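Welcome, and thanks for taking a look at this one with me. Below are a few notes to read alongside the model.

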Amino acid sequence: MNRQPLGAAEAKKEGITLSTVADQSAHYAANLPDHLTTGTDIKPLECLRFLKMADGK
């Protein structure tokens, strides 16, 4: 939206417990690549409104 990131998606194969990837998704949200935040007032954890995790089901 307005060329700013809205969320992150983490997909794992079926059978992986999603609670085990929640930390990984939070890490992605907290550590956005520089090219997504340079020259903006984006604060990583505040800009990603959606963290989607899926396990293939």
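1. A word on terms before we start: two residues are in contact when they have heavy atoms within 4.5 Å of each other. With that in hand, leucine 18 touches Met53, Ala54 and Asp55, leaving out residues up to four places away in sequence.

2. Please keep in mind that this is a predicted model. The mean pLDDT of the protein is 77, and 77% of its residues reach 70 or more. Confidence is highest in strand β2 (residues 50-54), at a mean of 84, and lowest in helix α3 (residues 44-47), at 58. Where pLDDT is low, the predicted coordinates should not be read in detail.

3. Now for the overall layout. The protein has three helices and two strands, and from the N terminus on they follow the order β-α-α-α-β. Of the contacts with a separation of 6 or more, 67% are between residues 24 or more positions apart.

4. How much of the protein is buried? Buried residues make up 19% of its 57 residues. The exposed surface comes to about 4500 Å², with carbon and sulfur atoms supplying 52% of it.

5. Back to leucine 18, which sits in the loop between β1 and α1 (22-30). Its relative accessibility is 29%, so leucine 18 counts as partly exposed. Leucine 18 and aspartate 55 are 37 residues apart in sequence, yet their C-alpha atoms are 6.8 Å apart in space.

6. You will find it in strand β1 (residues 7-11). Is glutamate 10 buried or exposed? Glutamate 10 counts as buried because its relative accessibility is 8%, and the cut-off for buried is under 20%. Beyond its neighbours within four places in sequence, glutamate 10 is in contact with Val21, Gln24, Ser25, Tyr28, Lys52, Met53 and Ala54.

7. Last, a charged pair. Side chains of opposite charge can pair when their charged atoms come close. How many salt bridges does a search of the whole structure find? The search finds one: lysine 12 pairs with glutamate 10, and their closest N and O atoms are 3.0 Å apart. The side chains of glutamate 10 and lysine 12 are also joined by a polar contact of 3.0 Å.

Key:
Residues numbered from 1 in each chain as written. Predicted model: local features only at pLDDT ≥ 70, side-chain atom pairs only at ≥ 80, totals over all residues. Heavy atoms only, no water. Helix = DSSP H or I, 4+ residues; strand = E, 2+ residues; numbered from the N terminus. Polar contact = N/O pair within 3.5 Å; in protein donor to acceptor, adjacent residues only side chain to side chain. Buried < 20%, exposed > 50% of the residue type's maximum accessible area, 1.4 Å probe, protein only. Areas by Shrake-Rupley, 256 points an atom, 1.4 Å probe, with all protein chains shown as cover. pLDDT = per-residue confidence, 0-100. Salt bridge = Lys/Arg side-chain N within 4 Å of Asp/Glu carboxyl O.
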